[in-house]
Amino acid sequence: MKAWASALDPSNASGIRFLADPTGEFTRALDLAFDGAAVFGDDRSKRYALVIEDGKVKQVHVEPDNTGVDASTAEKVLKDW
């Protein structure tokens with residue numbers, strides 16, 4: 001996640017925080033885990049983006065097929081922001 005953040009926002013000017021969920025605890029708490037064992041060997045997180053302001057979730061963008069890239073793209077998230 002650190003490398004991704006450095007590549008996308010090297011000066012840290014965007015105000016976006018890039019957070020990892022290595023144990024899946026946060027993902028399960030949001031009910032955004034899916035059984036990916038057949039393909040990935042374990043449960044996986046659905047692809048999603050959250051917009052959080054002042055510690056409150058303002059928007060949730062979840063991919064309907066778990067792994068696609070449409071609803072959670074930066075363009076769509078920022079358009080709705």
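1. Leu-8 is exposed, with a relative accessible area of 54%; exposed means over 50%, buried under 20% and partly exposed in between, with a 1.4 Å probe and protein chains only. Leu-8 belongs to helix α1, residues 2-8.

2. This is a predicted model, in which local features need pLDDT of at least 70, side-chain atom pairs count only at pLDDT 80 or more, and totals for chains, interfaces and linings use all residues. Residues are numbered from 1 along each chain as its sequence is written, and side-chain values use heavy atoms, without hydrogens and water.

3. Met-1, Trp-4 and Leu-8 make a nonpolar surface patch of about 340 Å². Patch residues have over 30% relative accessible area and no salt bridge; like charges are joined within 9 Å, and nonpolar side chains (Val, Leu, Ile, Met, Phe, Trp, Tyr) within 5 Å. A salt bridge puts a side-chain nitrogen of Lys or Arg within 4 Å of a carboxyl oxygen of Asp or Glu.

4. The protein chain has 4 helices and 4 strands, in the order α-α-β-α-β-β-β-α along the sequence. Helices (H or I, at least four residues) and strands (E, at least two) are DSSP runs, numbered from the N terminus.

5. The C-alpha atoms of the protein chain fill a box of roughly 40 × 25 × 25 Å along the principal axes. Of its 81 residues, 21% count as buried.

6. The protein chain exposes about 6,400 Å², and carbon and sulfur atoms supply 53% of that area. Accessible areas come from the Shrake-Rupley method with a 1.4 Å probe; for residues, only the protein chains shown count as cover.
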